[in-house]
Amino acid sequence: MKLSRKNGLRASAIGALVVSGALVLSACGSDDNTEPTKGGGEKTSAAASNIKCDGAKGQLLAAGSSAQKGAMDLWVKNFQAACDGVEVNYQAIGSGGGITKFNQGQVAFAGSDSALKDEEVAESKKICKGGTGINLPMVGGPIAIGYKLEGVDNLVLDASTLAKIFDNKITKWNDPAIAKLNPGAKLPESTIQAFHRSDESGTTQNLGKYLSTAAAADWKHDPKSKSWPAQGGQAANGSSGVATAVKDAEGSIGYFELSYATANKISTVSLNTGASAPVAATSENASKAIAAAKVKGTGNDVALSLDYATKAEGAYPLILVTYEIACDKGNKAETLPTLKAFLNYTVSDEGQKVLAEAGYAPLPAEIAAKVRAIVPTLS
């Protein structure tokens with residue numbers, strides 16, 4: 001995942017992500033490039049030596065997006081290695097579940113693949129005494145459309161066809177709409193097994209936003225819904241569940257972060273966006289679409305508006321950005337030092353650099369700078 005292009009914020013986005021190279025989301029953190037701890041036991045990244053604990057202590061609970069699980073695993077490992085007596089417990093239960101726990105006061109922060117809705121912001125004010133929940137972007141990248149179809153290695157679909165598949169309007173692999181996009185491919189007459197998330201998910205919501213924007217005539221469902229809105233199909237829990245289902249079932253198709261496709265060696269769809277050639281699901285291609293993002297949040301809120309309908313050459317428009325959601329004011333006093341120290345680390349140069357170890361891309365420079373200025377002000 002990375003970013004590129006445009007003026008102002010977007011120009012900075014390009015530079016930061018182009019430098020990071022063509023990265024691919026990985027399902028879990030790597031143990032490479034590590035150094036032994038003082039005791040010679042479990043290894044940790046050298047970046048951990050630069051972490052500032054700043055009074056962090058005790059347990060910090062968090063939950064939400066599974067898209068960032070690999071990054072979280074690495075961040076938590078390094079942070080705990082640097083800060084004695086600290087435990088960060090992140091549950092990858094999906095964006096919807098994380099926001100629910102946050103607004104119930106069960107976790108110090110939530111991870112979400114979409115910004116808070118207005119009603120969720122209003123709800124957060126009950127927990128954030130004197131303040132409100134804010135969106136702090138940490139990482140972004142492509143949502144892959146994975147499939148398993150023997151003899152078809154380079155499947156191409158467009159938004160309209162994809163919408164009809166997930167809406168149970170196209171049910172056979174040799175449907176004329178699919179055949180038209182894949183001349184020469186040996187498409188079977190078999191039934192399409194379409195898998196979707198059973199849990200509330202920002203990944204589902206971003207897919208809905210893409211389909212409702214790029215295929216408005218064919219996807220009439222609520223683009224803001226984190227729950228699967230269409231009829232038919234088969235459900236699986238979490239991105240890992242959908243990826244496993246697709247990997248195991250011939251004739252299947254589903255959606256999940258690119259990391260899960262990479263880890264499970266699942267073939268992914270290239271999207272016909274209207275550009276001169278179909279666009280593959282890669283972090284480099286996603287960066288060209290994410291580069292068009294604009295900050296729509298105000299004050300300390302850094303929610304981004306993504307361009308799902310871009311036809312720019314090489315831009316993969318089915319994208320997401322994962323946010324950490326925290327109170328700007330009204331955080332619990334006992335966990336506030338640990339919350340700030342941990343988020344200070346994740347958005348720091350050191351925290352962003354280690355994302356490459358897990359196949360993620362760092363934030364663009366200007367967005368990272370804005371988040372770095374906000375985290376120390378949490379109270």
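Trainee: What does the chain average in pLDDT, and what share of the residues score at least 70?

Mentor: The model is predicted, and pLDDT is the predictor's confidence in each residue. Here the chain averages 86, and 85% of the residues score at least 70. Residues 1-47 have a pLDDT below 50.

Trainee: Which share of the contacts between residues at least 6 apart in sequence joins residues at least 24 apart?

Mentor: Of those contacts, 74% join residues at least 24 apart.

Trainee: What percentage of the residues is buried?

Mentor: A residue counts as buried when its relative accessible area is under 20%. Of the 379 residues in the chain, 54% are buried. As for the accessible surface of the chain, it comes to about 15,000 Å², with 48% belonging to carbon and sulfur atoms.

Trainee: How many salt bridges does the structure hold?

Mentor: Side chains of opposite charge can pair when their charged atoms come close. The structure holds six salt bridges. One of them joins D73 and K69, whose closest N and O atoms are 2.8 Å apart.

Trainee: Where do D73 and K69 lie?

Mentor: Both belong to helix α2, which spans residues 69-82. Four residues separate them, about one turn of the helix. D73 has a relative accessible area of 34% and is therefore partly exposed. K69, with a relative accessibility of 34%, is partly exposed as well.

Trainee: Which residue forms a salt bridge with K126?

Mentor: The partner is E123, and the closest N and O atoms of this pair are 3.4 Å apart. A residue over 50% relative accessible area counts as exposed. K126 reaches 51%, so it is exposed, whereas E123, at 35%, is partly exposed.

Trainee: In the salt bridge of K169 and D167, what is the distance from N to O?

Mentor: The side chains of K169 and D167 meet at 3.3 Å, N to O.

Technical notes: Residues are numbered from 1 along each chain as its sequence is written. This is a predicted model: local features need pLDDT of at least 70, side-chain atom pairs count only at pLDDT 80 or more; totals for chains, interfaces and linings use all residues. Side-chain values use heavy atoms; hydrogens and water are left out. Buried means under 20% relative accessible area, exposed over 50%, partly exposed in between (1.4 Å probe, protein chains only). Contact means heavy atoms within 4.5 Å. Accessible areas come from the Shrake-Rupley method with a 1.4 Å probe; for residues, only the protein chains shown count as cover. pLDDT is the predictor's confidence in each residue, from 0 to 100. A salt bridge is a side-chain nitrogen of Lys or Arg within 4 Å of a carboxyl oxygen of Asp or Glu. Helices (H or I, at least four residues) and strands (E, at least two) are DSSP runs, numbered from the N terminus.
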